[in-house]
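Colleague: I'd like to learn how to read a predicted model like this one. Could you take me through it one feature at a time?

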Amino acid sequence: MKLSETQVKHVAKLANLPLTEEETKEYSDQLSKILDYIDQLNKVDTTGVASTYNVSEVVSVMAEDVPKDCLTQEGALQNASLKKNGFFATKGVFENE
Amino acid sequence: MSDLTSLSLLQTIDALKENKFSESELNEAYLKRIQSLNPKLNAFLEVVNQTKGIPSGIKDIICTQGIKTTAGSKILSNFIPPYDATVIKKLKSQNVNIIGKLNNDEFAMGSSGENSAYGPTKNPWNLTKVPGGSSSGSAAAVAADLCVFSLGTDTGGSIRQPASLTGVVGLKPSYGRVSRYGSIAMASSLDQIGPFTKTVADARLVLEWISGPDGYDSNVVEIASPLRGLAMTSLRGGRLRRPTRQSLKGIKIGVPKEYFGEGLDKNVEKVVRNAIDQMVKLGVEVVEISLPHTQYAVEVYYTMMFSEVSSNLARFDGIRFGNSRDHFGDETKRRIMLGTFALSSGYYEAYFTKAAKVRTLIKQDFEKAFQKCDVIVGPVSPTVAWNLGEKISDPLMMYLSDVYTIPASLAGIPGLSVPCGFVDGLPVGLQILGKYMDEETILNVGEVYEKSTDWYKEKPKL
Amino acid sequence: MKYEPVMGLEIHVELNTKTKMFCRCSADYFGKEPNTHTCPVCLGLPGALPYINEQAIENCIKIGLALNCSVNKVSYFERKNYFYPDLPKGYQISQLVLPIAINGWIEVENEKGEVKIVRINRAHQEEDTGKLMHSGNETLIDYNRSDVPLVEIVTEPDFTDTAQIKDYAKKLQQIFRYLGVSNADMEHGDMRLEANISVRPVGQKELPNYRVELKNINSFRFMAQAVEYEIKRQTESLEKGEKLVQETRGWDEDKRQTYVQRTKEEAHDYRYFPEPDLPEMRLQNLELKAKQETPELPHEKMKRFVQQYQISKANASILTENKNLANFFEDAVTIGKDKDVTESQVANYIVNQKVDFQKTTPLALIEVILSKKLGIIEDEETLTKLAKETIEESPQFVLAYKAGKTTILQAFIGNVMRKTGGKADTSKLRQILEKLLSE
């Protein structure tokens, strides 16, 4: 499966990965090669086969609604590079989700 | 006591009980050895000067409270977890302490250790060779007696393969036996934490210590914990016990024809077949089995794993911890890109869903095979350790070296790598795979085989 | 060409469980210091894993059942992947293919008593995000709210006017409060509305090929305004021959208009896939438990009050608006039985005097009624005399009444009450007046 540079740029945007022009070109080649290999899966007949997303055989694993200790504010913030008055900080985001 | 550091875990526990030496002497001996050997091995990224407990090394992808945890990446160069992974808590409750954090391929992505942002770990048997990956440091540290045992993680072979390449015991538990809470996620449906040890009996003990539900990992099976046959490694009496089994009579081993085809180095094949012959002498019956979808396992694994990875690494945005996303290494970026693509609109069905269906077929291959045998035996790696730099420029080539370990990960079944010989002075591991949640049998088989040979006694000259 | 609106509503309701959806941090975050209710899980730290809150699932099922949904026997979570600073993991754990509840409906009644059936597409479970605060050219983030349980309820595009949307939202708010699953307070952000608006020519059966999503609107009033504005804007656009596109818009309170937040091209590709960290859920047992623990719902209680206590629908509606008031009423009725106070008297008193039930007790209420009853004019003869009197005195009111303005009855009642110092039994009086005026 060939991945064009436009597609690579689109995927990089979805993946929030900043790529240089050089990287974009490199990935277009490398990723295409790997995808070609993965395309071999098309040879397998999977009609009527269910998907396996996880092999663990448990179901309905749930907890009681009882609070446990949480981190202190300090503990929560200790690895942040930017913080202010107990908040995490990041450069301005202006679009509302 | 210079051979303090060559003792196995069980021997160490016994010796401490018998006051042959103190805990601080034990730790001092290991720290000295680390100081002298780590510069050339680059196994440890972080060393903790401490004097209590039994010293273990922890793969740097597992969170240790207050101790820097980098996952082998520059993006976490300053990350100090505010919490311990469950397995760490469990080890601490057994008087085990952490002597250091061990090098690995960045975010567990690699089969040689060369994807670490902190330089590759060297193979203690030959410093120009790779130790395997991604748990490169964990394997090398145990092989070089830099700690009593270590923990690594196995997603597609990252415990079994480096164990094989460095001549130590490596165990990948069944998926759902050990809690993943605190292990930085690579592929959520495949990752398992497991031990690197000097003997199989050690592995059984560590497995017992770290197994079981914890209220944090929803996929851990409740009834998984008790391992039968534990009398074997019981700490009662303080003496190393003899295996409950001394012969393998009645055990049927399946030998998959797909694991002995093209791609397997002829010399490695010879060593593995000798090991199988040895097992026959111990009483096993050999059954030829087929795992027909083996040829698609690598594609399935990489599709699903890339996809889960791309999602699991989305949290690394530099806000609550870590550096910005441009600090990811090349292999990591590549996998994130591929995974994002495989999940994206228009491609999800063709890639992710398709792979998930073939995964079912691979799982069914094993279920059918296990109707005819108790364990499946074969090589771990198609070759012995290769030269540093040899495969790194071709990612695809690197992926293909995991062909024998990946299928078991996809099926979630347990796998053990046990030293079974050498080729040109480099170790070869024998892979023993068991039914889902049947670590008991593979450990028994592994131990009986191990004790019938002297391979486990070999140590690299450093 | 005439156009009609085609509208659907999405409601997000924050559950009032003690702990968060996938971790056991206390969910009581409102007004607390920032980042003091967090843990590795809700902070999205490396190595953290989710673990489902059973009470939240049960509450979601209760909501689904109250909305006449079918509860799926098997349900599972999925990852909705996108990047935003308030989303610590870079994905939200939500549901897509197999949500907890589907295919329900609810009756919504307007002031005139017209009933509309709104179909419910789904009610599913997900987790809330952190809170962003803009400060200069920085954005500050508090993750206390991250991972608090949310239930999302989506209707089919069945709404045809703005009033219906408001009535529906109010009804759901009442249901959430009755179930005790949320305070459903829009000012607190416990309940959030998103409307999907499009417009099509009258008579066209197919749905339009676009929709405009109205988001981030935090009051019933603004939602109504925004919806009205949108319908007008879209209709005018179509009349001009312009093409309308898929968009997300917000409401500018100051300018009183909607504005574009995101276009279709910028729309997210969420790359949903089943959440590998969470096993699937089998819901039969929880459904049973939810059914057992679901209290009588407002419309059921209202029907019962009318039947059991023989009170008017209007009074019953007011008395059942709040579950605690309804309970107060029933307690008062029980006490009143022994003291010869009728259900109607209790109902009327509470409604007409606008009793604040939180400031008194059922017993105290009965005693007040009893004391006021002394001297209450109840006999038919006296009341008829008073009624005839007031009818004769106010011929203009009679004309108004006969012309259809039935509310003028209140004026007659008011007159009689003034004359008797408030001692007339108003319901009896009302009946007598109606009879006389219809002759």
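**Strands and partners**

Modeller: Let's start with one pair: B:G254 stands opposite B:V287, which sits in β8(B). Before going on, this is a predicted model, where local features need pLDDT of at least 70 and side-chain atom pairs count only at pLDDT 80 or more, while totals for chains, interfaces and linings use all residues. Residues are numbered from 1 along each chain as its sequence is written, and chains are lettered from A and ligands numbered from 1 in the order in which they are written.

Colleague: In which sense do β7 and β8 of chain B pair?

Modeller: The general idea is that strands of a sheet pair through backbone hydrogen bonds, either parallel or antiparallel. Here, strand β7(B), residues 252–256, runs parallel to β8(B), with 5 bridges between them. Two strands pair if DSSP finds at least two bridges between them. The names come from DSSP runs numbered from the N terminus: helices are H or I with at least four residues, strands are E with at least two.

Colleague: In what order do the strands of the open sheet in chain B lie?

Modeller: There are 11 strands, in the order β1-β3-β2-β4-β6-β5-β10-β11-β9-β7-β8, and the pairing is mixed. β1 (44–47) and β8 (285–289) of chain B are at the edges with a single partner strand each, so each has one side without a neighbour in the sheet. From one strand to the next, the twist averages 30°. Axes are lines fitted to C-alpha atoms, for helices over the stretch in contact, and angles run from 0 to 180 degrees between N-to-C directions.

Colleague: Which helix lies across β7, β8, β9, β10 and β11 of chain B?

Modeller: That's α7(B), residues 266–281, and it runs at about 115° to β10(B).

Colleague: How many residues lie between β7 and β8 of chain C in their hairpin?

Modeller: The hairpin has 5 residues between the two strands, and C:G113 in the turn has a positive phi of about 90°. β7(C) (101–109) and β8(C) (115–127) are antiparallel, with 8 bridges. One bridge pairs C:E109 with C:V115 of β8(C). β8(C) also pairs with β11(C) (149–155), again antiparallel, over 7 bridges. There, C:I120 has C:T155 of β11(C) as its bridge partner.

**Between chains**

Colleague: How many residues of chain C are in contact with chain A?

Modeller: Two residues are in contact if their C-beta atoms, placed from the backbone, lie within 7 Å. By that rule, 41 residues of chain C meet 33 residues of chain A. On the chain C side, β10(C) supplies the largest share, 5 residues. That side splits into 17 nonpolar, 15 polar and 9 charged residues. For the classes, Ala, Val, Leu, Ile, Met, Phe, Trp, Tyr, Cys and Pro are nonpolar, Asp, Glu, Lys and Arg are charged, and the others, Gly among them, are polar.

Colleague: Which strand of chain A is joined to β10(C)?

Modeller: β3(A), residues 87–91, runs antiparallel to β10(C), joined by 4 bridges. In that pairing, A:K91 stands opposite C:E138.

Colleague: And which part of chain A gives the most to the side that touches chain B?

Modeller: This contact takes 37 residues from chain A and 45 from chain B. α2(A) gives the most on the chain A side, with 7 residues. By class, that side has 23 nonpolar, 13 polar and 1 charged residues.

**Chain shape and burial**

Colleague: How many helices and strands does chain A have?

Modeller: Chain A has 3 helices and 3 strands, in the pattern α-α-β-α-β-β along the sequence. Its radius of gyration, taken over C-alpha atoms, is 22 Å, well over the 13 Å from the globule rule for 97 residues, so chain A is more spread out than a compact globule. The rule is 2.2 Å times the number of residues to the power 0.38. Of its 97 residues, 27% count as buried.

Colleague: Is B:L4 buried or exposed?

Modeller: A residue is buried if 20 or more other C-beta atoms lie within 10 Å of its own, exposed if 12 or fewer, and partly exposed in between, with C-beta atoms placed from the backbone. B:L4 has 21, so it is buried. You'll find B:L4 in the segment before α1(B), residues 9–17. Setting aside neighbours within four places in sequence, B:L4 is in contact with B:F21, B:L26 and B:A29.
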